[in-house]
Amino acid sequence: CVVTWAAHRPRHLGHQLFRDISRHATADGSLGGLLDALEEEMATLTDSSKELRECFQAARSLYVRQTARQDEVGEEVEATRRSLETILVETQRQKQVGALRSLGPLSAVALVASDAGDDGTREEVVLLGSMQTTYGLVEDNPQPAAVRRIIGHLRSSAVLVELDEAEAEEEEEQLPPRLRNRVSKLPCSYTPPPRPQKTEFLFPRLPWESPEQDVGEEESVEVEEAVFKAAVKKLTARSITNENLYRVQLQLWRDSSEDRLFDNICCLGSIAMQMRGNSRLDTRAAFAAAASLDATLLLAEPPSSATWCGGGPSLSEVRQAFAARRGLMLEFLQDGELYKTFETRRQQLLDSTMQSRGGADLAMLAACMYRLEHGRGSELLDAATLQSRDEHFASAIMSPEAREALLQKSQSQSSLDT
């Protein structure tokens, strides 16, 4: 998915959150009717109808049988219903003419400087949005080649990627020898946006949630070391199967404290991505394309502290949402075959859609699958991370380092032309 605009007119990048929740998304207002309507919408975003159908069948088996419960599990089902209503409305609105669309996770930003007559240089920004991680695709993943082609075709003056200096050094070692040490790596300065007034997110605080913490308190994700190590100690690159991940998930959802349940699940996902060896292939492709063009590589890894202080959901709110989901997730995980069917079909759905349709609709399709699994917690996490990344990349694109890289490239090109 590609969006381009003039760089001297900064705009909010990516995701638009719709704060109103339609109470008329389905004909009868039931959870079953909502799942039917949502599946129908998602079917327009993929050709993999069998995998989509089996994901929703697993979700129905989980949710519909829990709707009559009057305990915390029943309350979580209701919170999930509202979260699914939100994504249904969002999907429908994105189909309207002129509606903003999410790019999903950012793959790279290509900055182009070219002659614009009397005004000097014309600056153009091209955002490449994509899935940063696939499951079974490595050699067959069409995304890296697409990133290389686009950046090469644009003859980008600079390429901005989501890496810090240490990660950039590691990525450079993965490049073919002919491309190493050819690119100038330049960290971008980050100017945090003014802290907005904190507002309630989407719907009223649920009964089990605690009041907001002090907005000045810095938050960071930290695993519960003893519990986490005990759960993942047998995981290796060769054992990163859905069966083994299922066992680890069950152990973490059962044994983690409420304060660190989300942190443990989040870090498990990161470890699984690294072990599969097909994570951030798009970033590596952008790096290689920059080296081939002798373009400046702008490093723009958002600081971890930025995620939870941008005025969106706080880390404590995300933790509370995951803690509230424990009972329902244990119901899901204790039916091992049901969960493994959902996870396997979800992976196949996203990979096959990437192959058949590219990345244009993957962000919404993937978000829907995560909502089906993690409910409101997934919604809050998306809102926090997308908002912080949007602000960070907007700052990086307009940074003095980016402007200088474009100016130098423009001047160098002008001297070659004369």
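**Close-up views of a predicted model**

**View 1. Helix H10 within the predicted model.** Leu315, Ser316, Glu317, Val318, Arg319, Gln320, Ala321, Phe322, Ala323 and Ala324 are the buried residues of H10. The structure shown is a predicted model.

View 2. Helix H7 covers residues 242-255 and helix H8 covers residues 261-276; their axes come within 10 Å and cross at roughly 165°. Angles over 145 degrees count as roughly antiparallel, and H7 and H8 are therefore roughly antiparallel to each other. The crossing of the two helices, H7 and H8, is right-handed. On the H7 side, the residues that meet H8 are Asn242, Leu245, Val248, Gln249, Leu252 and Trp253. On the H8 side, they are Leu261, Asn264, Ile265, Leu268, Ala272 and Arg276.

**View 3. The largest nonpolar core.** This core holds 62 residues, of which Met42 and Phe56 touch the most other members. Helix H13, residues 362-374, gives the most to the core, with 8 residues. Apart from this core lies another, of 24 residues, which include Ala108, Ala110, Ala286 and Leu299.

**View 4. Surroundings of phenylalanine 56.** With neighbours within four places in sequence left aside, phenylalanine 56 is in contact with Leu35, Leu38, Glu39, Met42, Cys368, Met369 and Leu372. Among these contacts is Met42, which, together with Phe56, touches the most other members of the largest nonpolar core.

**View 5. Alanine 360 in the loop between H12 and H13.** Alanine 360 is found in the loop that links helix H12 (336-357) to H13. Its relative accessible area is 33%, so alanine 360 is partly exposed. The C-alpha atoms of alanine 360 and leucine 45 are separated by 8.8 Å, although the two residues are 315 residues apart along the chain.

**View 6. The whole chain, for orientation.** The protein has 15 helices and 6 strands. Of its 418 residues, 51% count as buried. The protein exposes about 19300 Å², and carbon and sulfur atoms supply 49% of that area. Among contacts between residues at least 6 apart in sequence, 82% join residues at least 24 apart.

Conventions: Residues numbered from 1 in each chain as written. Predicted model: local features only at pLDDT ≥ 70, side-chain atom pairs only at ≥ 80, totals over all residues. Heavy atoms only, no water. Core = buried A, V, L, I, M, F, W, Y, C linked by side-chain atoms within 4.5 Å. Buried < 20%, exposed > 50% of the residue type's maximum accessible area, 1.4 Å probe, protein only. Helix = DSSP H or I, 4+ residues; strand = E, 2+ residues; numbered from the N terminus. Contact = heavy atoms within 4.5 Å. Areas by Shrake-Rupley, 256 points an atom, 1.4 Å probe, with all protein chains shown as cover. Axes fitted to C-alpha atoms, helices over the stretch in contact; angles between N-to-C directions. Parallel < 35°, antiparallel > 145°, perpendicular 65-115°, else oblique. Left-handed = near helix turned anticlockwise from the far one by under 90°.
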